[in-house]
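How do charged and aromatic side chains connect parts of a chain, and what is left at its surface? Please keep the sequence and the model in view while reading the paragraphs below.

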Amino acid sequence: MNDTVNIIQKGKIFECLGGSYSYGLNTPESDRDIRGIFIAPPEMTFGLDVCKQYKPSDEEDTNYLSLAEIVKQWYNGAVNWLELLFIDTTTLTYVDMHYMLDFYELRHEFINQVTFRKSMGFIDGMIKRCLHNIEKDNDPKTIAKEAMHGLRMSRTMFDLIKDGEWTVNRSDER
């Protein structure tokens, strides 16, 4: 095991299944997306050897962010990372509540106008990808998946405006 993996494992404070598992839309063919948060040691938090993200090249759908980086992403309205604060607990594989409880209790404080703008950009991007893939006569499964991502985020923003709640698990909308 290399040094970075050891640092991630030692400093891990949160890990969950993301993607279709967190949305409650997984199928037997679904890949497993892993999302995590770690606390980097001081020498990797400040200075020249900063470790903000760990995404192993051999594990395409595994992505960890340092605590400092995830807070910046939450503050900047990165919806794919904000979802972690609102996921169903059944997708959690590890959580250190000593560190995560305050963030969980303050999770609504990260939702602001930037969040809505980023969500609209995501939705617009999914529509454009769908149209591009339709023009290229690409695989209908790919087109449907991208359309569902756009629809899911549209529903999420609608619910957030209507009820003030961010719903990640959408298994009831199959």
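The text below goes through salt bridges, ring contacts and a surface patch in turn.

This is a predicted model, in which local features need pLDDT of at least 70 and side-chain atom pairs count only at pLDDT 80 or more, while totals for chains, interfaces and linings use all residues. Residues are numbered from 1 along each chain as its sequence is written, and side-chain values use heavy atoms, with hydrogens and water left out.

Side chains of opposite charge can pair when their charged atoms come close. With a salt bridge defined as a side-chain nitrogen of Lys or Arg within 4 Å of a carboxyl oxygen of Asp or Glu, a search of the whole structure finds eight salt bridges. One of these links Glu 83 to Arg 152, with the closest N and O atoms 2.9 Å apart. Because Glu 83 belongs to the loop between H4 and S5 whereas Arg 152 belongs to helix H7, the pair ties together parts that are 69 residues apart in sequence; helices (H or I, at least four residues) and strands (E, at least two) are here DSSP runs, numbered from the N terminus. Both Glu 83 and Arg 152 are buried, where buried means under 20% relative accessible area, exposed over 50%, and partly exposed in between (1.4 Å probe, protein chains only).

Arg 152 also lies over the face of Tyr 23, at 3.7 Å from the ring centre, a contact that requires NZ of Lys or CZ of Arg to be within 6 Å of the ring centre and within 35 degrees of the ring normal. Another such contact places Lys 12 over the face of Tyr 94, at 5.4 Å from the ring centre.

Two further salt bridges lie within single helices. In helix H3 (residues 67-75), Lys 72 and Glu 69 are three residues apart, about one turn of the helix, and their closest N and O atoms are 3.3 Å apart. Lys 72 is partly exposed, with a relative accessible area of 39%, whereas Glu 69 is buried at 12%. In helix H7, Arg 155 and Asp 159 are four residues apart and thus separated by about one helical turn, and the closest N and O atoms of their salt bridge are 3.6 Å apart. Arg 155 counts as partly exposed at 33% relative accessibility, while Asp 159 is buried, with a relative accessible area of 8%. Shared partners join Arg 155, Asp 159 and Arg 170 into one network of salt bridges.

Aromatic rings of Phe, Tyr and Trp (its six-membered ring) pair if their centres lie within 6.5 Å, with planes under 30 degrees apart counted as stacked, over 60 as edge-to-face and the rest as tilted; by this rule the count comes to three aromatic pairs. Phe 86 and Trp 166 form a stacked pair, 5.4 Å centre to centre with 15° between the planes. Since Phe 86 lies in the loop between helix H4 (79-82) and strand S5 (92-95), and Trp 166 in the segment after helix H7 (140-163), the pair ties together parts that are 80 residues apart in sequence. Both Phe 86 and Trp 166 are buried. Trp 74, Phe 103 and Phe 110 form one aromatic cluster.

Leu 101, placed in helix H5 (residues 97-105), is partly exposed, with a relative accessible area of 35%.
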